[in-house]
Amino acid sequence: MPSLLIDHIGQLATPAGGAPARGAALRQVDVTEDAAVAIVDGRIAAAGAREQVVDAHGDLPLLDAEGRAAIPGLVDCHTHAVLGGDRAGEFD
């Protein structure tokens with residue numbers, strides 16, 4: 001599995017509270033300015049303030065986000081009724 005440090009994230013949006021959320025709690029988001037995300041063996045190992053993440057994972061291969069926004073772990077798993085079935089054949 002790949003490992004990677006995504007550095008120089010302008011805004012990092014993560015669920016508030018850190019635990020899985022349900023219902024109205026899904027609307028609560030923390031936004032961190034000047035952030036980084038560390039991925040170790042294909043899993044998010046750290047996400048947050050750039051200085052802390054880079055200090056702990058600075059040895060990983062680097063991807064510069066160039067100030068872009070990021071939402072780590074977001075999975076848009078919705079579909080539309082008009083499709084009348086699943087879309088499994090569209091995914092690798």
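A residue is called exposed when its relative accessible area is over 50%, buried when that area is under 20%, and partly exposed in between. These cut-offs are applied below to a predicted model. Arginine 68 has a relative accessible area of 51%, so arginine 68 counts as exposed.

Arginine 68 forms a salt bridge with glutamate 66, and the closest N and O atoms of the pair are 3.3 Å apart. Glutamate 66 is exposed because its relative accessibility is 59%. Glutamate 66 belongs to the loop that runs between β4 (62–64) and β5 (69–70). Its backbone has a positive phi of about 55°, although glutamate 66 is not a glycine.

The structure holds two salt bridges. Side chains of opposite charge can pair when their charged atoms come close. Arginine 50 has a relative accessible area of 25%, so arginine 50 is partly exposed. Aspartate 7 counts as buried because its relative accessibility is 4%, which is under 20%.

What surrounds aspartate 7 within the fold? Not counting residues up to four places away in sequence, aspartate 7 touches Ala35, Ala36, Arg50, Val54, Leu62, Leu63, Asp64, Ala65 and Glu66. Glutamate 66, a partner in the other salt bridge, is therefore one of the residues within 4.5 Å of aspartate 7. The side chains of aspartate 7 and arginine 50 also make a polar contact, at 2.6 Å.

Strand β1 covers residues 4–15 and includes aspartate 7. Histidine 8 is in strand β1 as well. Phi of histidine 8 is positive, near 60°, in a residue other than glycine. With a relative accessibility of 32%, histidine 8 counts as partly exposed.

The pairing of the strands can be followed from here. β1 is joined to strand β2 (residues 29–40) by nine bridges, and the two strands run antiparallel. Along this pairing, leucine 5 stands opposite alanine 38 in β2. β2 also pairs with strand β3 (residues 43–49), in the antiparallel sense and over six bridges. Here isoleucine 39 has isoleucine 44 in β3 as its bridge partner. A hairpin is formed by β2 and β3, with two residues between them. In the turn, aspartate 41 has a positive phi of about 55°.

Helix α1 also holds histidine 57. Is histidine 57 buried or exposed? Its relative accessibility is 17%, which is under 20%, so histidine 57 counts as buried. Leaving aside neighbours within four places in sequence, histidine 57 is in contact with Leu5, Ala38, Val40, Ala45 and Ala46.

The last feature is a region of open space. Rolling a probe the size of a water molecule over the atoms shows where empty space is left. The largest pocket holds about 460 Å³ of space. It is lined by 18 residues, of which Thr14, Pro15, Pro72, Gly73 and Leu74 are the closest to its centre. The elements that give two or more residues to this lining are β1 and β3.

Note on methods: Residues numbered from 1 in each chain as written. Predicted model: local features only at pLDDT ≥ 70, side-chain atom pairs only at ≥ 80, totals over all residues. Heavy atoms only, no water. Helix = DSSP H or I, 4+ residues; strand = E, 2+ residues; numbered from the N terminus. Polar contact = N/O pair within 3.5 Å; in protein donor to acceptor, adjacent residues only side chain to side chain. Salt bridge = Lys/Arg side-chain N within 4 Å of Asp/Glu carboxyl O. Buried < 20%, exposed > 50% of the residue type's maximum accessible area, 1.4 Å probe, protein only. Pairing = 2+ DSSP bridges. 1 Å grid on protein atoms, 1.4 Å probe; cavity = no way out; pocket = protein on both sides within 12 Å on 5 of 7 lines; lining within 4 Å. Points joined across faces, edges and corners; volume = space filled by probe spheres on them.
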